[in-house]
Amino acid sequence: MGAAKMQLLVAVVAIAGIWSASAFNIPGMALRGTPQTLRSMPRRAVAQKGPTLSPANLFMGAEGEGKTAVFIGYGSFSSAMALVAGQNALDNPECEFSKVWIYVRPGAKKIIFEEDEWDMVTVINEKRVNAKYLINGDGTIVPHAFPTTVTATSDLSEATKDADAIVWATPHSFIDPLIEQFNEVKDHCSKDCISVSLVKGGVW
């Protein structure tokens, strides 16, 4: 991925705010509405977002270390942001986060990579690429994209164990079923876990 594209992606994240979701009921999450409630809220109310977090202050800090961020989604945007977070965790001594998960929904379609059929979790963990969604401008796969700090899983319970940040990076049409899955494991998160929305599309 070119530097210009990466800078653009970082800029996009820098303007993404925190939405709180009362349905999650996780202590420490400063939410203001679930997708269901947001649909029925006036646009003025929906626009009242929480404080904006940039990649710099979301994944860096002077206090604490060894924290975990979970990216819900495995598409191009989620993969690129997980890559940025994971590389920051690897390279920056001030980064609070040392572990990044990518949650791949169970039953995701297999992909062709190096003339073989792979499931998404395996190709990310073993080949360190997202051969379907993390593609260069010329159509080639970004090689060795994911640092060792990034791990993919289809086990949401595993990914959310003691998680400190849940990053929603999926199209809005998938949010409702994902919330149902997440509510089953939300108690696994740390007590100060935050929820960050990079959701694509409207919710009303």
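Trainee: pLDDT is the predictor's confidence in each residue, from 0 to 100. So what does it average over this protein?

Mentor: This is a predicted model, and its mean pLDDT is 74. A score of at least 70 is reached by 67% of the residues.

Trainee: Which elements have the lowest and the highest mean pLDDT?

Mentor: Helix H3, residues 43-46, has the lowest mean, at 30. Strand S5, residues 150-153, has the highest, at 97. Residues 1-58 have pLDDT below 50. That stretch still has 121 contacts in the model beyond near neighbours in sequence.

Trainee: Where else does pLDDT stay under 50?

Mentor: Over residues 60-64. The model gives that segment eleven contacts beyond four places in sequence.

Trainee: Fine. How many helices and strands are there?

Mentor: Eight helices and seven strands.

Trainee: And how much of the protein is buried?

Mentor: Of its 204 residues, 48% are buried.

Trainee: What share of the contacts comes from residues 24 or more positions apart?

Mentor: 73%, counting contacts with a separation of 6 or more.

Trainee: Give me a residue to look at. Where is Val150?

Mentor: Val150 sits in strand S5. That is the element with the highest mean pLDDT.

Trainee: Buried or exposed?

Mentor: Val150 is buried, because its relative accessibility is 0%.

Trainee: What does Val150 touch?

Mentor: Leaving out residues up to four places away in sequence, Val150 touches Ala82, Gly86, Val100, Ile102 and Arg128. Take Val100 from that list. Val100 and Val150 are 50 residues apart along the chain, and their C-alpha atoms are separated by 4.7 Å.

Trainee: Arg128 came up there. What is its phi?

Mentor: Positive, about 60 degrees, although Arg128 is not a glycine. Arg128 lies in the loop between helix H6 (120-127) and S5.

Trainee: Which other non-glycine has a positive phi?

Mentor: Glu115, at about 65 degrees. Glu115 is in the loop between strand S3 (111-113) and strand S4 (116-118). Glu115 counts as exposed, because its relative accessibility is 77%.

Trainee: Switching to cysteines. How many disulfides are there?

Mentor: The count is zero. Cys189 is in no disulfide. The nearest cysteine sulfur to that of Cys189 belongs to Cys193, 4.2 Å away.

Trainee: Are Cys189 and Cys193 buried or exposed?

Mentor: Cys189 is buried, at 9% relative accessibility. Cys193 is buried too, with a relative accessible area of 0%.

Trainee: Now pockets. What is the volume of the second largest pocket?

Mentor: About 330 Å³.

Trainee: How many residues line the second largest pocket, and which lie nearest its centre?

Mentor: The lining has 20 residues. Tyr74, Arg105, Thr170, Pro171 and Phe174 lie nearest the centre. Helix H5 (76-91) and helix H8 (175-183) are the elements giving two or more residues to the lining.

Trainee: How does the lining split by class?

Mentor: Ten residues are nonpolar, six are polar and four are charged.

Trainee: Stay with helix H8. Which residues does Gln181 touch?

Mentor: Gln181 is part of helix H8. Gln181 touches Tyr103 and Leu156, not counting residues up to four places away in sequence.

Trainee: Last one. How accessible is Gln181?

Mentor: Partly exposed, because its relative accessibility is 29%.

Methods. Residues numbered from 1 in each chain as written. Predicted model: local features only at pLDDT ≥ 70, side-chain atom pairs only at ≥ 80, totals over all residues. Heavy atoms only, no water. Disulfide = S-S within 2.5 Å. Buried < 20%, exposed > 50% of the residue type's maximum accessible area, 1.4 Å probe, protein only. Helix = DSSP H or I, 4+ residues; strand = E, 2+ residues; numbered from the N terminus. Contact = heavy atoms within 4.5 Å. 1 Å grid on protein atoms, 1.4 Å probe; cavity = no way out; pocket = protein on both sides within 12 Å on 5 of 7 lines; lining within 4 Å. Points joined across faces, edges and corners; volume = space filled by probe spheres on them. Nonpolar A, V, L, I, M, F, W, Y, C, P; charged D, E, K, R; others polar.
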